[in-house]
Amino acid sequence: MSCVVVVGTQWGDEGKGKVVDLLTRHADVVVRFQGGNNAGHTLVVGPDKFILHLIPSGILHAEKKCLIGNGVVVDLEVLQKEILTLQDRGIAVSPKNLAISEKAHLIMPYHKHLDLAREAQKGKASIGTTGRGIGPCYEDKVARIGIRVIDLLDPKVFAEKVETSLKEKNFIFEHLLKVPTIDPKEILKVYLPLAEFIRPYVTDVSIMIDQALTGNKNILFEGAQGTHLDIDHGTYPFVTSSNPVAGSVCHGSGVGPTKIQSVVGIVKAYTTRVGAGPFPTELTDETGLALREKGGEYGATTGRPRRCGWLDAVVLKDSARLNGLTHLAVTKLDVLSGQKKIKICTGYSYNTQTLTSMPAQLKTLEACRPVYEEWEGWSEPIEGIRKRENLPQTTQNYLKRIEELVKVPIGIISVGPDREATLFQDNPFS
Ligand code: IMP
């Protein structure tokens, strides 16, 4: 029995989907524990490409169980669409292999409306959210006026909760944000049929996890977003509204911390960020553009171009500490092929000091300048290589330096989008 957690170490989009998909081979159960459909995991299986936003990537393996934990915020219209699309493409999705926590909170149409209207009102000061209603849904959860999956299953409770919530929201829409209000009847029309669609999938995920552990099963916890988008530990306020750090597995799925063995941190071989917020190693020149094009750095959820830059070891070291990383998985290493010189940021220069962890004060972080080490690049393609020792010496040097700086061993290296383009050094399940 093993519990392995996969988290993003940067600002999301590190290529977690592929690593989760690979590790799923060794797992019996795959669980999502935070975030919502602001995530987008692209999986490439032979000629097929799948983009999943809510359903754990493990769904492509028919015999695995996929669970959506209580910490996830669920847009049921999106979930239904995802289930039906997968079924249309011949992937088995049923209550036999997919379950959703009765305690998960629902993203309601008014959450999306609020997210978009607030962002529009903020103008230049906007966060650059995905517009999926994530923040407003978590706000309602904490304000104790949220609507959980279990509430939807009782039409009377659901109708009352929608009515109460909309009284406040419509006031804000009309008087503060000056956008159209929402009629509760319209919501009931859409959601009551959705309740019947989702009912067979609804369960107590914490109990399912406990039963799996008692049955000696392997469990994989699939993080969404990245450590530096964490509401507590990220570059606040340019963050998401959940906790993508590994500790969030416990409250987001209902499992105790003593059950977790390994935490794998996914590291993209360079850095990207989508949306606004500080990004010390951002490259606004041709190198940044080249990384974006070669790496296909466009959001899987919103299609927005991602900002690109050099690898930032300050970001990674903070992630190693915040998540208790036991392994690193380096992805998209092939994208760096052809760069004559490759830089790694080892600290931030701020006034007369060199900072080695991210400052909490946004203004300080914005004033930081990266301190770089420069490494020789490699020109040869590496997609076909399957052993670390067969990589060009300069590639090996780069990897070794990452391990030295972050003080966590690299267990997995991805050199291309296909499942096969992977160097599997150390299995976190073993
Ligand atoms: P929200 O999660 O939609 O509220 O967006 C808050 C911030 O997190 C924005 O900068 C988004 O671009 C960013 N974000 C949210 N989800 C992801 C993700 O899955 N990958 C990368 N960035 C994300």
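Is lysine 96 buried or exposed? Keep that in mind as you look through these close-ups, which all come from a predicted model.

View 1. You'll find lysine 96 in the loop between α2 and β7, the strand made of residues 98-101. Its relative accessible area is 70%, so lysine 96 is exposed, since anything over 50% gets that label. Now look for proline 155, which is 59 residues away along the chain. The C-alpha atoms of lysine 96 and proline 155 are 25 Å apart.

View 2. Helix α2 runs through residues 76-88, which makes 13 residues. Which residues of α2 are buried? They are Leu76, Leu79, Glu82, Ile83 and Leu86. These five cover an arc of only 120 degrees around the axis, and that's why they end up on the same side of α2. Here's the general idea: an α-helix has 3.6 residues a turn, so residues three or four places apart point the same way. Over on the other side of α2, Lys81 and Asp88 are exposed.

**View 3. The two ends of α2 each have a detail to spot.** At the start of the helix, check out aspartate 75: one of its side-chain oxygens comes to within 3.1 Å of the backbone nitrogen of glutamate 77.

View 4. Zoom in on asparagine 38, where a polar side-chain atom lies 2.9 Å from an oxygen atom of the ligand. Glutamine 225 has an N or O atom in its side chain that is 3.3 Å from a nitrogen atom of the ligand. With valine 274, the backbone is involved: one of its polar backbone atoms is 3.1 Å from a ligand oxygen. On its own the ligand would expose 470 Å², and the protein buries 97% of that.

**View 5. Asparagine 323 is a buried residue in helix α11.** This helix covers residues 313-323, and asparagine 323 is part of it. With a relative accessibility of 6%, asparagine 323 counts as buried, because the cut-off is under 20%. A polar atom of its side chain lies 2.8 Å from the backbone nitrogen of alanine 246.

View 6. Lysine 178 is in the loop between α6 (155-177) and α7 (184-198). Its phi is near 55 degrees, a positive value in a residue other than glycine. Lysine 178 is exposed too, at 65% relative accessibility. Lysine 407, in the loop between α13 (393-406) and β19 (410-414), isn't a glycine either, yet has a positive phi of about 60 degrees. Lysine 407 has a relative accessible area of 71% and is exposed. Finally, find proline 237 in the loop between β10 (218-222) and α9 (248-253). The peptide bond leading from tyrosine 236 to proline 237 is cis, with omega near 5 degrees.

Key:
Residues are numbered from 1 along each chain as its sequence is written. This is a predicted model: local features need pLDDT of at least 70, side-chain atom pairs count only at pLDDT 80 or more; totals for chains, interfaces and linings use all residues. Side-chain values use heavy atoms; hydrogens and water are left out. Helices (H or I, at least four residues) and strands (E, at least two) are DSSP runs, numbered from the N terminus. The expected span of a helix is 1.5 Å times one less than its number of residues. Buried means under 20% relative accessible area, exposed over 50%, partly exposed in between (1.4 Å probe, protein chains only). The arc is that of the directions from the helix axis to the C-beta atoms. A polar contact is a pair of N or O atoms within 3.5 Å; within protein, one must be able to donate a hydrogen and the other to accept it, and residues adjacent in sequence count only if both atoms are side-chain atoms. Accessible areas come from the Shrake-Rupley method with a 1.4 Å probe; for residues, only the protein chains shown count as cover.
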